[in-house]
Amino acid sequence: MALRTADTLMRASTRWLAVVLPLGVLLRSAFVWLYTPGRFYWGNLIHAHSHTAYFGWAGLGLMGLILHLLPGFTGRPVADSRPLAWLERLAPWAVGGALVTFAWWGYGGPSIAFSALNEVLWVLFAVAFWREVRQMPLRTWPPALWLIGAAVLMLLLSISGTTLVIISEAILDSAFPLLYQAGVYLFLELYGDGWVEVGLMGVVLAMSAGASEERPAVRRIALAALLLMAPAALRMLIPRGLEGPLAWLSVLAGALFGAVQFWFLALARRRWLPEAARPWWYLAGLSLAAKALLEFLPLLPAFSAMGLNRSLVIGFLHLKLLLLSSSGLLGALTVVRGAASPWAFRLFAAGSVAMVAALAAHGFLAEAVRGTSWPLYLVAFAAAFPAAIGGIWAARSWR
Ligand code: HEM
């Protein structure tokens, strides 16, 4: 049964990818032609896209992969349990409900309720994970499990971010905008960089072959990620007015996290990667290197202006979530179910790189050079098609 849960979650995640990517293409069209999406609002559709991507595609996919890998760590099959049974039962409602309510109403009672239901899934998953690993003393944990364990902890900690958002919106009636922003970025950092990125680092180590002397280094990487993630999240408040020691602490934490990501890449370079995943993980590795470098940007005075530029922020988010996390996940899924067509990879890689590059170029050029805004948005829109087709094609045999 537990094996079936892993399979169900991985299949479900690829179905959600097939919803998220076309929705992303639709959203990009709005930057090329100004029009209204029928009875919907673009802002609500953006929330539907991002929450389904996080909760459905990345979240369920990573949970499925971890459940699939757990027997390799513990030496026995994952036990059937009530938390796992409920996780499987509730997952389609939690993600589907969030998609529909965000698309229809945006942030509000119904979408907050479904977001909370997703948080229940995370707790159920963490309980099932803990039950599997609690008999193993920490010092015997293999390096990959350290990263995965830290990632699961950060998944739980990310609930603090959404809780702050709910308190700020529903109880304090948006009276403290910085509190709302702190909640959003705490969630984004702990969920996106913590749970998804660090979890994928663990998955890559678990699925590749390498030297056992890496153990202390990987342990330090996992601990550093755990300590740095929450303070690093506060960097994003600097363009919105955060100053003083807290601002500097956040910049330092972010830069250290950049160094930690380079450290992981140095270790991963020496590993033997499974053939099917290789192109996907090379793309993810290059994206991780670019992202790690960008973690040092807040040290520059120009950061505040960049942090308020929508194209640069969205370009960075898609470097992280499309180029890095999605190719990491797609690569891991190919290890479980066999290689994807090389053309699926080529389309995904070319489209995603072009889209992120066009958004970055838009961020730097649109205001400085007249007449560049629309053509760059057109390139980002055109590039979204191959990215979406390649991603859905690569995940196809799981549906
Ligand atoms: C073909 C692929 C994709 C396209 C074309 C696309 C397009 C878009 C667009 C147009 C926006 C809104 C931009 C704006 O408001 O300026 C957006 C936002 C976002 N997307 Fe995507 N996306 C894609 C894939 C993904 C994936 C795979 C993920 C996550 C795994 C993701 C996560 C997000 C997030 C978190 C936001 C920000 C939402 C916010 O600011 O509230 N996207 N995307």
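**A tour of a helical model**

Select H2 and H6: H2 passes H6 in a left-handed crossing. Left-handed means that the near helix is turned anticlockwise from the far one by less than a right angle. Helices here are DSSP runs of H or I with at least four residues, numbered from the N terminus.

This is a predicted model; local features need pLDDT of at least 70, side-chain atom pairs count only at pLDDT 80 or more, and totals for chains, interfaces and linings use all residues. Residues are numbered from 1 along each chain as its sequence is written.

Stay with the pair. H2 covers residues 42-74 and H6 covers residues 177-207. Their axes come within 10 Å and cross at roughly 35 degrees. Axes are lines fitted to C-alpha atoms over the stretch in contact, with angles from 0 to 180 degrees between N-to-C directions.

Next, show the side chains. On H2, pick Tyr54, Ala58, Leu62, Leu65, Ile66, Leu69 and Gly72. On H6, pick Tyr191, Val196, Gly199, Leu200, Val203 and Ala206. Contact means C-beta atoms, placed from the backbone, within 7 Å. Colour these residues by class: eleven are nonpolar, two polar and none charged. Ala, Val, Leu, Ile, Met, Phe, Trp, Tyr, Cys and Pro count as nonpolar, Asp, Glu, Lys and Arg as charged, and the others, Gly among them, as polar.

Now zoom out to the whole protein. It has 13 helices and zero strands. The C-alpha atoms fill a box of roughly 60 × 45 × 45 Å along the principal axes. Among contacts between residues at least 6 apart in sequence, 82% join residues at least 24 apart.

How values were computed: Helix = DSSP H or I, 4+ residues; strand = E, 2+ residues; numbered from the N terminus. Contact = placed C-beta atoms within 7 Å.
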